Amino acid sequence: MHTAALDAAAAPVTQLKGVGPRMAERLARLDLHTVQDVLFHLPLRYQDRTRVAPIATLRPGDQAVVQGEVRAAQVRFGRRRMLLVRIQDGSALLTLRFFHFSAAQQANLARGVTVRCYGEVRAGVAGLEMIHPEYRRVAPDQEAPVEERLTPIYPATEGLSQPALRALAGESLRFGGGPAHSLVEWLPPVVRAELALPSLAEAVALLHGPPPDVSVQALEEGRHPAQQRLAFEELLAQHLSLRALRDRVERLTAPAFGAPGEVTRAFLAGLPFALTGAQRRVIDELARDLARAVPMHRLVQGDVGSGKTVVAAAALARAVDAGWQGALMAPTELLAEQHARNLRAWFEPLGVPVAWLAGRARARERQAALAALAEGAAPLAVGTHALFQEEVAFARLGLVVIDEQHRFGVHQRLALREKGAREGLHPHQLIMTATPIPRTLAMTAYADLEVSVIDELPPGRTPVETVVVPDARREDVVARVREACAAGRQAYWVCTLIEESDALQAQAAEATAALLTEALPELRVGLVHGRLKSADKEAVMARFKQGALDLLVATTVIEVGVDVPNASLMIIENAERLGLAQLHQLRGRVGRGAAASACVLMYHGPLSALARERLSTLRETNDGFAIAQRDLELRGPGEVLGTRQTGMLQLRIARLERDQALLERVPAVAERLRTEYPAHVPPLVRRWVPGAVYAGV
């Protein structure tokens, strides 16, 4: 039965009645290729056409079916020609307004005719009205039937009407004897009973045609048990597919790093500051992983300024002590340069060379770095995605560190790990992010990783005061910059544009720098943007860090990695255009010293409700995890994780921001399926995660 059912669910849409090549082409635009795709193409919303409502009970905003006799119909001429039809049902009058109509339509709505209409009720000049309702004539002495179920409204595309999609859904529900036969139930009855979830077949059938007693609001908010049933199974499949990735990693062999050696001891002893308790705890967690002959696969999360780089450096020191190489990959040249400076300052005095490899490196420098890595003369490497290009070879790569991992796809981090595979050994992998990820989201998106959290800031870090001001008060903001710099502090002025263009961003920053130089002639103003040559960018940043510049005008290239403790003021122009995570990252460039610091979010009104909510959240809290949770609720996982990361999730029905309560239950159920029902796992994953990297899928 299972094999036949799988075949039925996987059948191409062309096997459904009425679906020819042209219709199949249109369905493909909605990513509907199989019968199962159609079954899981759920309505966006529903209309209640199951009862006729008395006109007297209607309120503006209602969507309702009404029936009445036409009492008057006239064409009115004004700015727009329109047909006004007044109907009465014995309880009250309602106006039907048509801006587009034909003579035949006008004749069809003559006085004395009985019509049944469906539409949205609005408040009009002469009482309640419907504009362009759907309608049909009915016999006055007959009780015309109403719909028996709520009417679904599906996501559509050009050439596919709602009636066509409803008919298609009906065909898919009948195909192969119905969903109970064409969709195999992979959730065991005992699990469904514990979670109080209906069967998959019941859930799918209900969602394509709910009975009239089902709450439309619950359906449209995704709270109905039928929707929760599908969402849970989809989240479960995603989790299982990522756990399978972890299983594959754990079947590999990695070099086991021994006890800390001379490099690790000298590195830790030479630090000019004391590590926080959280840093020491995470370093210990990494040490335990690195001592095993199984590849470490760990994500380290830490809020802005929590000191992740030092933790990564301690792990790299262990690799060097064990006679292996370590590589640190960052998403931008600016961040990679910052890491290279830090690692060289820490390790080169200990006799440990650090190779630098980025897209813009000079040919001679690049060749020297490639040779040093291939020969093993450079124990450590820092670079951008250039590190995993084909020409890069490592002598003995034992540890890969990836910073700001959400900027890279899963396949990119796997590619760098594969580069180090040799003699049956695979390198350990440490992944870092300064974008805090809500726990429930991490459970889903990073189920293939162990997670460590640096949840403590170094002593002396002061909370940043955040204020929100309209750009009409620009002069006040400029005065605040003058005041901060006069007191011996430094400031950032960040320019943003809607267009994702380096050229336009640079232009905006250049214009702003010119205006600020004119307005603040006593200050030394620097400029950094994505179009500058790497060496020029580094030179400006070095001058700012050394205190040779008072004010740095920049694009969002300074979002991560820039550490200037004397900078105590951050101005972000057009802050309403940025997401919460990015605003929090930018704000994290100040407050890195002992001085009281401030961030001014300058906006151009009027603000949308979403932008107002974002700016309000930033003003209320400095807690990156609270901000990430709010970001998830406001904008969904794509904003929190980055599009490359969520691309792998491909959620069709579940919504991470809505279904967090379900996520809490997923790991335990996943473990139960893996141990008690292992045969159910591959087909369940295959159903929801196309192309899943799963042994046997």
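1. Five aromatic pairs turn up in a search of the whole structure, where rings of Phe, Tyr and Trp (its six-membered ring) pair if their centres lie within 6.5 Å, planes under 30 degrees apart counting as stacked, over 60 as edge-to-face and the rest as tilted. This is a predicted model, in which local features need pLDDT of at least 70 and side-chain atom pairs count only at pLDDT 80 or more, while totals for chains, interfaces and linings use all residues. Residues are numbered from 1 along each chain as its sequence is written, and side-chain values use heavy atoms, with hydrogens and water left out.

2. Phenylalanine 40 and tryptophan 688 form a stacked pair, at 4.5 Å centre to centre and 10° between the planes. Both residues are buried, that is, under 20% relative accessible area, whereas exposed means over 50% and partly exposed in between (1.4 Å probe, protein chains only).

3. The rings of phenylalanine 98 and tyrosine 135 have centres 5.7 Å apart and planes at 70°, so this pair is edge-to-face. Phenylalanine 98 is buried at 1% relative accessible area, while tyrosine 135, at 23%, counts as partly exposed.

4. Ring pairs also link Phe267, Trp346 and Phe347 into a cluster.
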